[in-house]
Structure formats: structure tokens, C-alpha cells
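I opened my notebook to jot down what I looked up in this structure.

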Amino acid sequence: METSKLFSLEGRVAMVTGGSRGIGRMIAEGFIAQGATVYISSRKADVCDAVASELGPRCFSLPQDISTVAGCKALATAFADAEPRLDILVNNAGAAWAVPFEDFPEQGWDKVMDLNLKSPFFLVQALHASLMSAGSAERPAKVINITSIDGQRLNPWETYSYHASKSALIYLTKRLAARLVSDHINVTSIAPGAFPSEMNRAARDHAVEVAKSIPSGRVGDAEDMAGAAIFLASRAGDYVVGETITVDGGLVHAALGSSIDA
């Protein structure tokens, strides 16, 4: 048994949407450190380009708004023009909207559901040929959806469309896994808890207070997120199909009646 390279991503090509900041950047940096070539995509071209430059010569920028099907297809075309295959796709781009029930707007529903749920499906569809070109029975391609513990339990905030989208994405992960495993594409998801980011400003700006509600006693860090993603993306995770890995310091499965935004 050879285990020294179980977590290596040498020679692998990855794409991370929402890869210019937060959890997406954590994952992109982790993949690069393990030897992968990584394409990051985000809506703002200048930010995407700058972060790709910061992350080094094996990181490339493919800026695109993927909130529409047309945007998903455009990103897939740009990628196919650059690479003959895609080993790993991380669907991380997302949005949240918190407004009281009485005032929750249609825009807050449509924007979040489109980016968090519709776009992962149509991006996988658009990149299907590139993923199939990479996958084999011995070494499947990977799709990793970034869901949330808010798809597994409620937080205190009135984030109606966010809760619905992340719960649905967990089940879409299972459905896509059932269809794509025969194409040698493994679909899984990671459900993060409290990680410091622009979306989770509580964990970013009030980490000490937030940590009091987490069984592990701290918010997540870049190594926690990168480690879970590397496991799923590498040979170590080749036999994991349709599963959601919860990375939250025990909040969902080991907390005694506490709750916190994620």
C-alpha cells in the first residue's frame, strides 16, 4: 500500500468559483500547495486577476458572472479554450440575504437561489465534457459543492432563501452523484460552519464571541477548509460519492442546544 501521495494533487487541474476570497481562496491556496494548477473565477475581473497573481504561477484568473446559465456556459467555454480537461470543480460562489419575513423581497430570493443552487447545476452541465475528459475508473474527476451547515439546521437569522438553497444543494449533490458516477465523476459537498469571510462577518469580526458557541472552542481556519477539500479532491477521497462532509467544529453534531450563523 502506497500512502505517501494519497493527498497529492500533482498534475491535476482545478477550477474554484468564488475563488478570490473567503472559503474559495482557502481551497485554491490549499490545492496549489498540493501541486494542482488552479483556475479561480469571480465576478469582479480586477480582483480575480489580482488574487491569481498573488497565488503564484500555477493560478489563473477566469473572471465571470455565473449567476445566469449564459454565464456558466461562457465560463466553461473560456476554460475549454485554456485546458483539455478539468479534474476538479469546486462550486463555491454564493450569496446570502437576511431580511425580516414581512419584508423579504423577490430579489433576495431569486439572487440567492440562482447563484447558490441553479448555477452549480448548470456549471456542472456546461463543464461535463471537460470533467469526463479527466475522469476514469482508476482516477475519477471531482465536483465539490460548498453547501453550509445552514442546509442542515437553522441559524437565528432570517435568511430564508439561503437556508433553502443550501439544503437543496445538499440533495442536488446526491442526485448529481447518482447520475455522474457512471461517467467517472464523483460529486460531494462540504458544509462549512463558522469561517471568517465577507459572507460570515460574525466569524471574521467577532471570532472570540462566536467561538463560545462552538464545541471545538474556535472558528474554522484556512487549514481546516483546505484539508477537507484536499481530501475529497485527491486519491484519498476517490471512494466518497454523494456525501456531505460537515466542517464546523462540532456545531451540528456535537453541540448541546446552541446555534450560530454560518
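**Salt bridges**

I started with Arg 179, which is partly exposed at a relative accessible area of 44%. My cut-offs: buried means under 20% relative accessible area, exposed means over 50%, and partly exposed is in between, with a 1.4 Å probe and protein chains only. I noted that this is a predicted model, so local features need pLDDT of at least 70 and side-chain atom pairs count only at pLDDT 80 or more, while totals for chains, interfaces and linings use all residues. Residues are numbered from 1 along each chain as its sequence is written, and side-chain values use heavy atoms, with hydrogens and water left out.

Which residue forms a salt bridge with Arg 179? I found Asp 183, with the closest N and O atoms 2.8 Å apart. A salt bridge here is a side-chain nitrogen of Lys or Arg within 4 Å of a carboxyl oxygen of Asp or Glu. Asp 183 counts as buried, at 14% relative accessibility. I also wrote down a network: Arg 12, Arg 85 and Asp 87 are joined by salt bridges that share partners.

How many salt bridges does the structure hold? I got 11.

Next I checked Arg 153 and Asp 150, whose salt bridge has its closest N and O atoms 2.6 Å apart. Arg 153 is buried at 17% relative accessible area, and Asp 150 is buried at 2%.

Then came Lys 118 and Asp 114, another salt bridge, with 3.7 Å between the closest N and O atoms. Why are these two separated by about one helical turn? It is because they sit 4 residues apart in helix H4 (residues 106-126). Helices are DSSP runs (H or I, at least four residues), as are strands (E, at least two), numbered from the N terminus. Lys 118 counts as partly exposed at 31% relative accessibility, and Asp 114 is partly exposed with a relative accessible area of 26%.

**Helix H1 and what follows**

I compared the length of H1 (residues 22-33) with what it should be. Its 12 residues should span 16 Å at 1.5 Å a residue, and its end C-alpha atoms are 17 Å apart, which agrees. The expected span is 1.5 Å times one less than the number of residues. Buried residues in H1 include Ile 23, Met 26, Ile 27 and Phe 31. Just after H1, I saw that Gly 35 takes a positive phi of about 105°.

**His 184**

His 184 also has a positive phi, near 65°, and it is not a glycine. I noted this one because most residues other than glycine have a negative phi. His 184 lies in the loop between helix H6 (160-180) and strand S6 (185-192). Is it buried, exposed or partly exposed? At 32% relative accessibility, His 184 counts as partly exposed.

**Gly 71**

I found Gly 71 in helix H3 (residues 69-82), and it counts as buried at 4% relative accessibility. Gly 71 and Leu 123 are 52 residues apart in sequence, yet 8.7 Å apart in space, C-alpha to C-alpha.

**Arg 43**

My last stop was Arg 43, in the loop between strand S2 (37-41) and helix H2 (45-55). Arg 43 is exposed, with a relative accessible area of 58%.
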